[in-house]
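Here is my note on the model you sent. The points below can be read with the structure open.

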Amino acid sequence: MLRAAASLTLCFALTAAFAAHALEPAVAAKPADGAAKPALSATARAVSGGIVAGIRQGAQQDRNAKPAQLQCVRAIADDAVAAPVQEVIDASLGADDRAALETFYASALGAKYQAAMLANADPDKTFTPEEWAQAKATMESPAYKKLRAATVSSNPLAAQKIGGVLNPLLGGCFKD
């Protein structure tokens, strides 16, 4: 689970990591009339939810954040960056890795894991030993390690794509 540094101010903590490598804004191309938008995977939605949860947690920890700013950050949808996360996943992971992650995140256990992580739940109280072993196996897998490496802000593609969507959202919350 991503954790914001409490010692940094909110604006710096929330935007610096993605802004550092944002070479150009990630503006989603509008599909041609009648063209279908690509489907977002459960994996992309889970990663997006984790990023947004980290942003919300950082906002709550910032003593300088104003109530209106906190409300704005809380209003950011869990899947706000799912589309650019999907782009990063598609560009960075092979089909086998994507399939392995999707098998987990699209499962009942994957949904339970995601909810527990977002709630900072104690795994010993949330999962059976078998469930936790299965979830841990996924989190220790090469596919998951590749996912983490691909979607961190130090990856220029992630910074460009995810940061290009996230930074304007946060800028709207912290415009004063």
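1. Start with one term. A residue counts as buried when its relative accessible area is under 20%, as exposed when that area is over 50%, and as partly exposed in between. S141 shows the rule at work: its relative accessible area is 18%, so S141 is buried. This is a predicted model, so please read every value below as computed from predicted coordinates.

2. S141 and its contact. S141 sits in the loop between α8 and α9. Which backbone nitrogen does the side chain of S141 reach? It is that of Y144, at 3.1 Å.

3. Overall make-up. The protein chain has ten helices and zero strands. Read from the N terminus, the order of elements is α-α-α-α-α-α-α-α-α-α. The chain has 176 residues, and buried residues make up 38% of them.

4. Helix α2. This helix covers residues 42-61, which is 20 residues. From first C-alpha to last, α2 reaches 28 Å. That is close to the 28 Å expected at 1.5 Å a residue. Is α2 largely enclosed or largely open? Of its 20 residues, 14 are buried, so α2 is largely enclosed by the rest of the structure.

5. The nonpolar core. The largest nonpolar core has 36 residues. Within this core, I51, V85, Y105 and L147 have the most contacts. Several helices each supply at least two residues of the core: α2, α3, α4 (82-92), α5 (95-105), α6 (108-118), α8 (129-139), α9 (142-151) and α10. Which helix gives the most to this core? It is α2, with seven residues.

6. The aromatic pairs. There are five aromatic pairs in the structure. Take F104 and Y105. Their ring centres are 5.2 Å apart and the planes stand at 75 degrees, so this pair is edge-to-face. Both F104 and Y105 are buried. Ring pairs also join F104, Y105, Y113, F127 and W132 into a cluster.

7. The disulfide. The structure holds one disulfide. It joins C72 to C173, with S to S at 2.1 Å. Why is it called left-handed? The torsion about the S-S bond of C72 and C173 is about -75 degrees, so the disulfide is left-handed. The pair links distant parts of the chain. C72 lies in helix α3 (residues 67-74) and C173 in helix α10 (residues 156-173), 101 residues apart. C72 is partly exposed, with a relative accessible area of 27%. C173 is buried, at 5%.

8. Helix α10. This helix has 18 residues and reaches 24 Å from its first C-alpha to its last. Where does α10 bend, and by how much? The bend is at G163, by about 45 degrees. G163 is also among the buried residues of α10, which include I162, G164, L166, L170 and C173.

9. N155, at the start of α10. N155 is in the loop between α9 and α10. At 17% relative accessibility, N155 counts as buried. A side-chain oxygen of N155 reaches to within 2.9 Å of the backbone nitrogen of L157. A polar atom of the N155 side chain also lies 2.8 Å from the backbone oxygen of A150.

10. N120. This residue lies in the loop between α6 and α7 (123-126). N120 is not a glycine, although its phi is positive, at about 55 degrees. Is N120 buried or partly exposed? It is partly exposed, with a relative accessible area of 43%.

11. D90. This residue is in helix α4. At 41% relative accessibility, D90 counts as partly exposed. D90 and A44 are 46 residues apart in sequence. In space, the two are 9.8 Å apart, C-alpha to C-alpha.

Methods:
Residues are numbered from 1 along each chain as its sequence is written. This is a predicted model: local features need pLDDT of at least 70, side-chain atom pairs count only at pLDDT 80 or more; totals for chains, interfaces and linings use all residues. Side-chain values use heavy atoms; hydrogens and water are left out. Rings of Phe, Tyr and Trp (its six-membered ring) pair if their centres lie within 6.5 Å; planes under 30 degrees apart count as stacked, over 60 as edge-to-face and the rest as tilted. Buried means under 20% relative accessible area, exposed over 50%, partly exposed in between (1.4 Å probe, protein chains only). Helices (H or I, at least four residues) and strands (E, at least two) are DSSP runs, numbered from the N terminus. The expected span of a helix is 1.5 Å times one less than its number of residues. A disulfide is a pair of cysteine sulfur atoms within 2.5 Å. The bend at a residue is the angle between axes fitted to the seven residues ending there and the seven starting there. A polar contact is a pair of N or O atoms within 3.5 Å; within protein, one must be able to donate a hydrogen and the other to accept it, and residues adjacent in sequence count only if both atoms are side-chain atoms. A nonpolar core is a set of buried Ala, Val, Leu, Ile, Met, Phe, Trp, Tyr and Cys residues joined through side-chain atoms within 4.5 Å.
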